[in-house]
Amino acid sequence: MAKFAMFFNDNFRDASLIQNKINKLDSERRNALFTLLLDRNINRADDSDPEIKSIISSLADMQLEINSDESTSDAASMLAGQYKKLESNLASWISKIFGFDLPNHLDVLLYVGPFFGQGRYITANPPAVSLAFEEYKESKISVLTHELLHYLIEKSGIKTDLAAVGQSFEEALLDYFCPNGIMDEKLGLISKLDLDAHQRIQSALRPASKSSSEKLLPAIKEYYKQCGDTTIWDFLKRRQIY
């Protein structure tokens with residue numbers, strides 16, 4: 001598109017050039033870019049590195065008129081309605097299992113691009129997560145809960161401790177709870193959970209955390225029987241896993 005720009009309108013051409021710049025960023029700088037783009041105080045970009053600042057400036061120069069279309073509005077209404085219906089129960093189980101309180105505010109980005117996969121926790125101030133609302137309509141609230149827990153873990157200060165157990169330990173652990181895991185059962189989103197089948201599915205979906213997931217399975221089976229009587233953190237500490 002950049003090479004044959006004469007065949008495209010200005011916005012299409014400019015968008016392809018911007019995407020080309022983004023593709024050249026390493027993962028750390030790309031994360032920094034998306035964090036700034038989702039920051040309510042976009043002027044913080046003034047302190048960023050020149051390449052990121054150039055991309056943000058180019059986006060601003062495009063002056064696109066962005067309106068919410070019907071599918072986005074429907075997805076937002078569906079998500080907000082489901083969250084409101086489950087909020088009290090969700091808050092209770094997150095407190096019982098993880099010892100966390102729900103945040104007072106959470107920004108959610110509904111998107112159709114490939115940047116964040118099924119969902120992703122993006123930034124902590126204010127907390128923001130992204131959700132792919134086209135492909136995962138039925139499990140949006142469950143994916144949202146998974147990403148929300150990533151935020152709460154970081155906020156609690158235990159993220160470094162979890163990483164010390166294993167690079168994929170946090171991801172493997174949260175996969176046992178949501179999506180389609182223990183938390184979903186407690187919220188009434190799924191029927192009786194088969195942990196062995198769930199573990200096999202999650203390992204296939206996320207091969208990088210397969211080893212951590214397999215090591216966690218016996219402990220999670222034990223915790224499942226007493227879920228909510230103690231937090232998962234206290235339970236894992238007693239088992240000398242965390």
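Guide: Begin with N180, in the loop between α7 and α8. Keep in mind that this is a predicted model.

Visitor: What is the phi of N180?

Guide: Phi is positive there, about 65 degrees, although N180 is not a glycine. N180 is partly exposed, with a relative accessible area of 39%.

Visitor: Which residue after α11 can I look at next?

Guide: Take Q240, in the segment after α11 (232–238). Its phi is near 60 degrees, again a positive value in a residue other than glycine. Q240 counts as exposed because its relative accessibility is 75%, and the cut-off for exposed is over 50%.

Visitor: Which residues does the cis peptide bond join?

Guide: C178 and P179, with omega at about 5 degrees. P179 sits in the loop between α7 and α8 (182–186).

Visitor: Which helices supply at least two residues each to the lining of the largest cavity?

Guide: α7 (169–175) and α9 (195–205). α9 gives the most, with four residues. The lining includes A172, D175, H198 and S213.

Visitor: How many residues of that lining are nonpolar, polar or charged?

Guide: Two are nonpolar, six are polar and one is charged.

Key
Residues numbered from 1 in each chain as written. Predicted model: local features only at pLDDT ≥ 70, side-chain atom pairs only at ≥ 80, totals over all residues. Heavy atoms only, no water. 1 Å grid on protein atoms, 1.4 Å probe; cavity = no way out; pocket = protein on both sides within 12 Å on 5 of 7 lines; lining within 4 Å. Nonpolar A, V, L, I, M, F, W, Y, C, P; charged D, E, K, R; others polar. Buried < 20%, exposed > 50% of the residue type's maximum accessible area, 1.4 Å probe, protein only.
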